Amino acid sequence: MSSNIIETRELTKVFPGDITAVDQVSFSVKKGEIFGFLGPNGAGKTTTILMLITLLQPTSGSATVCDFDIVKNQHDVRCCLGYVSQDTAVDDDLTGWENLTLQAGFYHLSKKIATERIEEVLEMVDLKDRARDMVGNYSGGMRKRLDIASGLIHRPQILFLDEPTLGLDIQTRVKIWDYIEKLRTEKEITIFATTHYMDEADFLCDRVAIIDHGVIKALDTPANLKNALGGDILHLEIGKSDGPQLDEIRAKLAELPSVHDTKPENGKLLLYVKDGESSTPRIFSLLDKLGVSIESMLLKKPSLDDVFLHHTGRALRDESGNREEAMMSRFKMRRVRQ
Amino acid sequence: MIRFLNDTYWVLWREIKHLQRQRFRIFMTLFQPVIWLTLMGNVFQRVANVPGFPASSYLNYMAPGIVVMVTLFGGVFGGMTLIWDRRLGFLQKMVAAPISRASIIFGKMLSIAVQNAIQVIVIFVVALIMSVDFNTGIGGFLIVMILASLLCMVFAGISLSLGAVATSHETLIAAVNLLTMPLMFTSNAMMPLKMMPDWLSKIAKYNPITYAVNPIRSLFLTGYDWTAILAAGLMLGLSAFLLTGLAVYLFRQNLSL
């Protein structure tokens, strides 16, 4: 087996009505890593996952999961992966134990092995003492944990998590990510997770791909992606004046050797600078000379949010809406898929 | 094949668990036949006095009709769980597992048939307590069960086919409402063909419900009418087979709805 557990080659999905949800996406996921797939709602994250888990036929291109072709060897692909959808698809009218029994049945485990595995995964997600309760009485976090547990029942080599923390409160989110980290270290399961929480992706993922409008804009470790921006980011709010206009200011600033790039955002000016601490005074004196007043400034180390902004031209955090919005966009996508 | 049976078993297992948990639903399914038999039996009692009525009391005539009617209503709502599963994302979870697609349809269909069989047994018990004639004993009872199950699968097949393509419950309910009442009243479940207007009796003759009612009624009232039993068995069996195939086909086609 090769060291890549997922390989895609120009994977493409076009929905009726010429909607290209995923556009010639090529990437590979290494065995044992936590791979983050980042993008706003409707960027093509879920569509990509659905193709990889064989629930959607690609329009063109190809992919392998665990060395099995996702079109030709669908059964083998399904056996080797676990899938936890963003819907938190647990059965409310069954107990936790029954949910897992059902899942074990779907994966053709014998009764004896099923019992062992159910104990094992319940332990993993700390639900042992609630196993006999109806899932309808579980909290949101418990439901998600049960859902993850049922994705693990057949000991998959790779677990697909679609927005695992969507709609959960902050403590629960942290807990879920703890479990995911534990999976990787204790069970050596590869994790393929989508999220639009950049902070989570930053400290958890070994590598992240940024996808927007069905195209992968960047793919690397979070550290490399941030470094590639070339140092620090200086946010400046410039006062209105009769002096030089924004484009002119940007051109002048770009002449400084420490300034890599400039970008206007929401009336602010973003400067990608080397050694922010020492170059900021020089930028200030230049602006002073140009007669530009500065209302406020913020110097910071780049985050994945900044990486996203740099590659897509917009901030993801604006779109990290609530659960209801996510539901609506999902229903919209479903309608499109018909 | 063993895998298919295994998958079907687990889909069925889940549905039966659901049924066990819904006490109110169990109560209603058991109570419904009682209401039909006592209420309808009383309201239409005097119809039996009309000359030419084929049974000694309306209740006797009605009981087989109730069997078929309960079967109809049990079957036509079978597609509901499919739509629920799709909406809640549970369907996606099931098909992401390496299970046979057809087993989801078969499992659900079997659970509907099991549920219906229980209801038919209840009708028999209630009917016997109300001293409805039943002339063919255990053998006749078994044939009634088989025919009722086939009829149930015919309607479950229609319902699951609709459920496979519909995205909302409202669509299915609307379709079911459109279907059931006309089917019921253009059959001889509640009125003999002879007592219908001419045009209606012509329609009623070809209604699948009439096909099922005829042999079941003669098993109640007279004895084994093998021609009617075989005709019903063949016609219902074939329809059930074709409609199940249709449901499986539509389900596969519309998986990612």
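**Helix α1 of chain A.** I began with helix α1 of chain A, residues 45–52, in what is a predicted model. I asked how many of its residues are buried. The count came to eight of eight, so I put the helix down as mostly covered, going by the cut-off of 20 or more other C-beta atoms within 10 Å. The list runs A:K45, A:T46, A:T47, A:T48, A:I49, A:L50, A:M51 and A:L52. Just past α1(A) I found A:T54 with a positive phi of about 75°.

**Positive phi elsewhere in chain A.** That sent me looking at other backbone angles. As a reminder to myself, most residues other than glycine have a negative phi. A:Q24 has a positive one, near 45°. I located A:Q24 in strand β2 of chain A, residues 19–30. Is A:Q24 buried or partly exposed? It counts as partly exposed because 15 C-beta neighbours fall inside 10 Å.

A:H108 was next on my list, with a positive phi near 60°. This residue sits in the loop between α3 and α4 (111–124) of chain A. I noted A:H108 as partly exposed too, since 18 other C-beta atoms lie within 10 Å of its own.

**Domains of chain A.** I looked up how chain A is divided. Domain 1 covers 4–222 and domain 2 covers 230–301. I wrote down 42 Å for the distance between the C-alpha centres of these two domains of chain A.

**Where chain A touches chain B.** I then turned to the contact between the chains. I have 22 residues of chain A in contact with 22 residues of chain B. Which elements of chain A give two or more residues to its side of the contact? They are α2 (74–80), α3 (96–106) and α12 (323–337) of chain A. The largest share, four residues, comes from α3(A). By class, I noted 10 nonpolar, five polar and seven charged residues on the side of chain A that touches chain B.

**Chain B as a whole.** Chain B has 11 helices and zero strands. I checked its dimensions along the principal axes, and the C-alpha atoms fill a box of roughly 60 × 35 × 35 Å. Of the 257 residues of chain B, 44% count as buried. I also looked at contacts in chain B with a separation of 6 or more, and 81% of them are accounted for by residues 24 or more positions apart.

**Helix α4 of chain B.** Helix α4 of chain B spans residues 80–88, and its buried residues are B:T81, B:L82, B:I83, B:D85 and B:R86. What covers them? I found that the cover includes α1 (2–21), α5 (90–96), α6 (101–129), α7 (137–165) and α8 (169–185) of chain B. After α4(B) comes B:G89, with a positive phi near 85°.

**α3 against α7 in chain B.** I followed helix α3 of chain B, residues 58–76, to its meeting with α7(B). Their axes come within 7 Å and cross at roughly 35°. I noted the crossing as right-handed. From α3(B), the residues that meet α7(B) are B:V67, B:V68, B:T71, B:L72, B:G74, B:G75 and B:V76. On the α7(B) side I listed B:V144, B:A148, B:L151, B:C152, B:V154, B:F155, B:A156, B:I158 and B:S159. This contact has 12 nonpolar, four polar and no charged residues.

**One residue from that contact.** I picked out B:A156, which lies in helix α7 of chain B. I have B:A156 down as buried because 31 other C-beta atoms lie within 10 Å. Which residues does B:A156 touch, leaving aside those up to four places away in sequence? They are B:G75, B:G78, B:M109 and B:I112.

Note on methods. Residues numbered from 1 in each chain as written. Chains lettered and ligands numbered in written order. Predicted model: local features only at pLDDT ≥ 70, side-chain atom pairs only at ≥ 80, totals over all residues. Domains from an automatic or database assignment. Buried ≥ 20, exposed ≤ 12 C-beta atoms within 10 Å, placed from the backbone. Contact = placed C-beta atoms within 7 Å. Nonpolar A, V, L, I, M, F, W, Y, C, P; charged D, E, K, R; others polar. Axes fitted to C-alpha atoms, helices over the stretch in contact; angles between N-to-C directions. Left-handed = near helix turned anticlockwise from the far one by under 90°.
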